[in-house]
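Please look at the sequence and the structure shown here before reading on.

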Amino acid sequence: MQNRRIFLLGLLLLIVLAGLPYSKVAAANTPKPDSVLLLYDSAAISTPKEGNVEALERLLASFGTQVTVLSYDQYQAGMLMKYSKVISVRNADDLFQLPDSYKQDLGNYQGDYLHIGNQVPMIVQQALGLGEQIVEQDTASLKIGQLSQKAMMVNEISYVTKYTGKAYGSFTSDKLKSAAPYGVSNGKYAYIPYLAKGNLTELAAAYLLRDWLSAKSNHQFYLLLDEIYPFSNLGLLDEMADRLYEAGIPFIANVQPVLSNLDYPAAQRYLETLKHVQSRNGSIVVNAPVVASTISQDITVLKSEMSSFLDALAGYGIVPLGVGSEMYWTYDDHYAANGLSYFDSSILFPNEHVMYRARTDKSQAFGSSVYTIPADDLKTYVAQGQILEPLPMDAALVYAFPDNNKKLDTLMSSLIQDWTLFSNYKYEDHTVRTQVNEMGSGKGQLHINGQTILLNSVLKDISADHAYVQEGKKSLTNLFSVQNKVFIILIASTLLIFSAFLFIGYRLYKRKYTHTGRQL
């Protein structure tokens, strides 16, 4: 009887499982291929490595990867098995102890593993056949692809002396007078000895990450104009768009949204200018609104305000193709849901003024993400006269919008002389959705709700006349008008009578003064 019950329960379980779609069952047990667990031991505050975790987050985002970021203190048994790829960043010294649960899970982990920093696990050392030499303080030179940087100050760095697999870049030590690979990988396991934010090691890591993540190999360079506001010199923006168009240079305009008063003439002139920019091979990207304070900000308005601006663009025939934001927005539930969820494409900037509202450990990933780097910074890594080759990921060279004609002339001269080949952002697939509109691009065409948009470069004159304060109801207008006329007549009569008395008094006084003078 007992065996029969067990048999029936097992049969019932098989029937239930058979009724479930295979994809759902597989999804429950198979980690997402684009999901990465990033573990770190220390944020390395006040050290040369400070910010390297954030730099790594932005690199991973540029490959369309969703990232879960945890410190080792937050690690729980079994976490490794939920991810197909794991990255470990070791910034702390030898005194830091890894959790026993992590050590045990790592011994059984079958996914891909990338180690950054010191204290390389034995499983990685054996897989890559590593031999190393540690130097506490050194000056090193790094070269990878066409990029190079000299006289880089490094500390606690391990130089690879022996390895098996593929090498990336070349680190040359002043102390050792020898060169070593910047990183090594055999596909499953990978190792980067040193990563710091703000120098060439940040970009060099992208070359190894591209292969380790099995990302696409063809990438684009874009020209991005930043810091475009409704109060910018719109005439100069029109002129710049025309000059870039004449030079055959496509560009991206990262524009600040107008979150209220969209019917004001100033807002209408802004939209008119953006429409002209769009007609001149300019792709419009909406920057995330400025967060002035997380205390005073009304959390209920971000979604409606962003939606209103996007719909206003659509109503004007302007197609936004993505969103620009600092990296931390993708790690905030409030900003991701209410500000970024309209877009499937992003342009991510380094964090400058972090103000979380609902911080989360898991990032929002985009179908298309562009890595940004100031143009002047990248040019320091390239020999003068060389044509820039694409980086391992889609990247945008960032230029601040010039605020006068002299700066515009200088920028245009620089862009024309360096011969950098910039791609047209709208030739890629981008989609923006609100409750009212669906906008996007593909193969160079812009569309709104399925209709192709015809580009129009003609600027319409916007009148400055506007009733900024609405007039109230005028039910007693006639009565007040009559009263005003009566008061005007009374005041005028009073002034007239007063003037007459003043004149008469003056005449009497003058006659008395003349008579008195004759008696004398």
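## Pockets and strands

The second largest pocket is lined by 21 residues, and those nearest its centre are Tyr 40, Val 53, Glu 54, Glu 57 and Arg 359. The model is predicted, so local features need pLDDT of at least 70 and side-chain atom pairs count only at pLDDT 80 or more, while totals for chains, interfaces and linings use all residues. Residues are numbered from 1 along each chain as its sequence is written, and side-chain values use heavy atoms, with hydrogens and water left out.

A pocket is an open set of points on a 1 Å grid over the protein atoms alone, where a 1.4 Å probe fits, with protein on both sides within 12 Å along at least five of seven lines; lining residues have an atom within 4 Å of a point. A volume is the space filled by probe spheres set on the points, which are joined across faces, edges and corners. Helices (H or I, at least four residues) and strands (E, at least two) are DSSP runs, numbered from the N terminus.

Helix H3 (52-62) and strand S2 (66-71) each supply at least two residues of the lining of the second largest pocket. The largest share, four residues, comes from H3.

In the largest pocket, 33 residues form the lining, and the closest to the centre are Asp 226, Glu 227, Phe 349, Glu 352 and Val 398. Elements that give two or more residues to this lining include strand S12 (221-228), strand S17 (368-374), strand S18 (395-400) and helix H12 (405-418). H12 gives the largest share, four residues.

The table sets out the volumes and the residue classes. Ala, Val, Leu, Ile, Met, Phe, Trp, Tyr, Cys and Pro count as nonpolar, Asp, Glu, Lys and Arg as charged, and the others, Gly among them, as polar.

| Pocket | Volume | Lining by class |
|---|---|---|
| Largest pocket | About 850 Å³ | 17 nonpolar, nine polar, seven charged |
| Second largest pocket | About 430 Å³ | 11 nonpolar, five polar, five charged |

S2 also belongs to an open sheet of seven strands, in the order S2-S1-S3-S4-S11-S10-S7, with mixed pairing. Two strands pair if DSSP finds at least two bridges between them. S2 and strand S7 (166-168) stand at the edges with a single partner strand each, so one side of each has no neighbour in the sheet. S1 and S2 pair in the parallel sense over six bridges, and Leu 39 has Leu 70 in S2 as its bridge partner. H3 lies across S1, S2, strand S3 (85-90) and S4.

Six bridges join S12 to S18, and four bridges join S17 to S18. Leu 397 in S18 stands opposite Leu 223 and also opposite Ile 373. Buried means under 20% relative accessible area, exposed over 50%, and partly exposed in between (1.4 Å probe, protein chains only).

Two loop residues have a positive phi without being glycine. Ser 46, with phi of about 65°, is found in the loop between strand S1 (35-40) and H3. Its relative accessibility is 69%, so Ser 46 counts as exposed. Gln 119, with phi near 55°, lies in the loop between strand S4 (112-117) and helix H5 (122-128). At 26% relative accessibility, Gln 119 counts as partly exposed.

Note on methods:
Contact = heavy atoms within 4.5 Å. Axes fitted to C-alpha atoms, helices over the stretch in contact; angles between N-to-C directions.
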